[in-house]
Amino acid sequence: MLEKLLLPDIQERIQAGDVATLSEILNDWPGADTAALVEDLLPEERLTVLRVLALRKRVDAFEHLSMDLQVQLLAAFTNEEAAEILNNMAPDDRTALLDELPHADKDRMLTLLTPAERAVAEALLDYGTDTVGRLMTPDFLEVKQEWTVKRVLDHVRTHGRDSETLNHVYVTDAAGVLLDDLRIREVLLAPLHAHVSDIMDKQFVSLSVTDDRREAVEVFRKYDRTALPVIDGRGVLVGIVTHDDVIDIAEEEATKDQQLFGGVEALDESYRATPTLTLIKKRATWLVVLFLGELLTASAMAWFDDEIAKAVVLTLFIPLIISSGGNSGSQAATLLIRALAVREVSLSEWFWVFRRELISGLVLGLILGTIGFLRIALWSTFTDLYGPHWLLVGLTVSISLVGIVLWGTISGAMLPFILKRLGLDPATSSAPFVATLVDVTGLILYFTVASVLLRGTLL
């Protein structure tokens, strides 16, 4: 909120060229607040604010900016300014930024790094795009099991500023193989003369550089850690992943799932950064598929054109029938996609889910069917809208609602399981897709029930 309150004053001082006052004010701000201010400024004002900051403050604020804005600012910096930022960024944040750049720009930015930082950046970029290796940082505290606690604490004081986190120290052997990770609390509470081996329990959790980054999210969630060590194929400690990186991944995956569930291909960039033509392409594919699916609804209605011609009253309830089925299917799909994503349920539990949703769908269908029947009965008391056979019409609508809601619920619940089994993303069983599926089958069910119950009367 601080940046919102002071935004007009900051902009006024930028326009007046009052660099001294800006520097005095902004260098006392946390990096996150300064980043929020920069996001709200006009493009031509952003560079002014960043340039008045001390280097460490400037890097801190830059790291808190959105990725799209980081890319824009990097292009606007001079080579000297870009070099200062890149050489002082956390290696994992820098890797993420470089990965967003076109190939030519990435190569140019790599030339601005010092030899040591360039070696680190190239090593991290060599890992697969979606692997844990791309997330990790090589800045961690490494100790040996024969060290005393006093030596460990001295080591922390000397090298702690260069570490991504001070929550853990990592015990390795002479070859760099990870032996244990120790909470700094355990070290602080141990006697100074004790050896690291005395407080080791060798009970640690680690990630592999080749693990999928989504697996890291699950491991962090399961073990409730703020940082996890990363090892290579030989067990050598090569880096750590911290919770802030995992939060970003979890947010990206959640955003992708929401986009897929909304019937849109997942965007490769943020909505703001995605070109309009790309946005149209991402949306058009699903819209065309769903449109073709809805054409089957017209075909289903054409199949029952005789019934519709004889009993026009049936058409009054078509929106009610298909929307109820689609809504129930979308509800079930939403619940199961999320449950699978956070591993509340597994593929092996599909039958348990089927039985649960069977009961849910039946009860929900009975609730809606009863309401539909009572509505028709009530209207028939005061009007002749549904004719002399209103009771049969009411039963038709009521029974159809039970069947369609039941079918929609089971379809919405089972489709994510089927897609997961096929190795596809369950989120692609989007709400529009489920609704379209249930629309077509719901109409067939509705008119089938009508042809049975109304034969000899309206039909």
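Colleague: Where is the place of T131?

Modeller: This is a predicted model, in which local features need pLDDT of at least 70 and side-chain atom pairs count only at pLDDT 80 or more, while totals for chains, interfaces and linings use all residues. Residues are numbered from 1 along each chain as its sequence is written, and side-chain values use heavy atoms, with hydrogens and water left out. Helices (H or I, at least four residues) and strands (E, at least two) are DSSP runs, numbered from the N terminus. On that numbering, T131 is in the loop between α10 (115-125) and β1 (142-144).

Colleague: Does T131 count as buried or exposed?

Modeller: Buried means under 20% relative accessible area, exposed over 50%, and partly exposed in between, with a 1.4 Å probe and protein chains only. The relative accessibility of T131 is 14%, so T131 counts as buried.

Colleague: Which residues does T131 touch, not counting those up to four places away in sequence?

Modeller: A polar contact is a pair of N or O atoms within 3.5 Å; within protein, one must be able to donate a hydrogen and the other to accept it, and residues adjacent in sequence count only if both atoms are side-chain atoms. A polar atom of the T131 side chain lies 2.7 Å from the backbone oxygen of G128. Contact in general means heavy atoms within 4.5 Å. Leaving out residues up to four places away in sequence, T131 touches V209, T210, D211 and R213.

Colleague: With which side chain does the side chain of E81 make a polar contact?

Modeller: E81 is found in helix α7 (residues 79-88). At 16% relative accessibility, this glutamate counts as buried. At 2.5 Å, the partner of its side chain in a polar contact is the side chain of R51.

Colleague: Against which helices do the buried residues of α7 pack?

Modeller: The buried residues of α7 are E81, A82, A83, I85, L86 and N87. They pack against α4 (43-51), α5 (55-63), α6 (67-76), α8 (91-100), α9 (103-111) and α10.

Colleague: Which residue does R58 meet in a salt bridge, and in which helix is that partner?

Modeller: A salt bridge is a side-chain nitrogen of Lys or Arg within 4 Å of a carboxyl oxygen of Asp or Glu. The R58 side chain meets that of E84 at 2.9 Å, N to O. The pair links distant parts of the chain, 26 residues apart, with R58 in helix α5 and E84 in helix α7.

Colleague: What is the relative accessible area of R94?

Modeller: R94 forms a salt bridge with E117, the closest N and O atoms being 2.8 Å apart. R94 in helix α8 and E117 in helix α10 are 23 residues apart, and the pair links distant parts of the chain. E117 counts as partly exposed at 23% relative accessibility. R94, by contrast, is buried, with a relative accessible area of 0%.

Colleague: Why is one side of each of β1 and β3 left without a neighbour in the sheet?

Modeller: Two strands pair if DSSP finds at least two bridges between them. An open sheet of three strands has the order β1-β2-β3, with mixed pairing. β1 and β3 (178-183) stand at its edges, so one side of each lacks a neighbour in the sheet: each has a single partner strand.

Colleague: What is the bridge partner of K144 in β2?

Modeller: β1 pairs with strand β2 (residues 168-172) in the parallel sense over three bridges. K144 also forms a salt bridge with E142, with the closest N and O atoms 3.8 Å apart. In β2, the bridge partner of K144 is T172.

Colleague: Which residue in β5 does L207 stand opposite?

Modeller: A further open sheet with mixed pairing has three strands in the order β4-β5-β6. Its edge strands, β4 (207-208) and β6 (237-242), each pair on one side only. Two bridges join β4 to the parallel strand β5 (residues 227-231). Within β5, L207 stands opposite V230.

Colleague: How many salt bridges does the structure hold?

Modeller: Some are linked in a network, which takes in D9, R13 and D18. For the structure, the number of salt bridges is 15.
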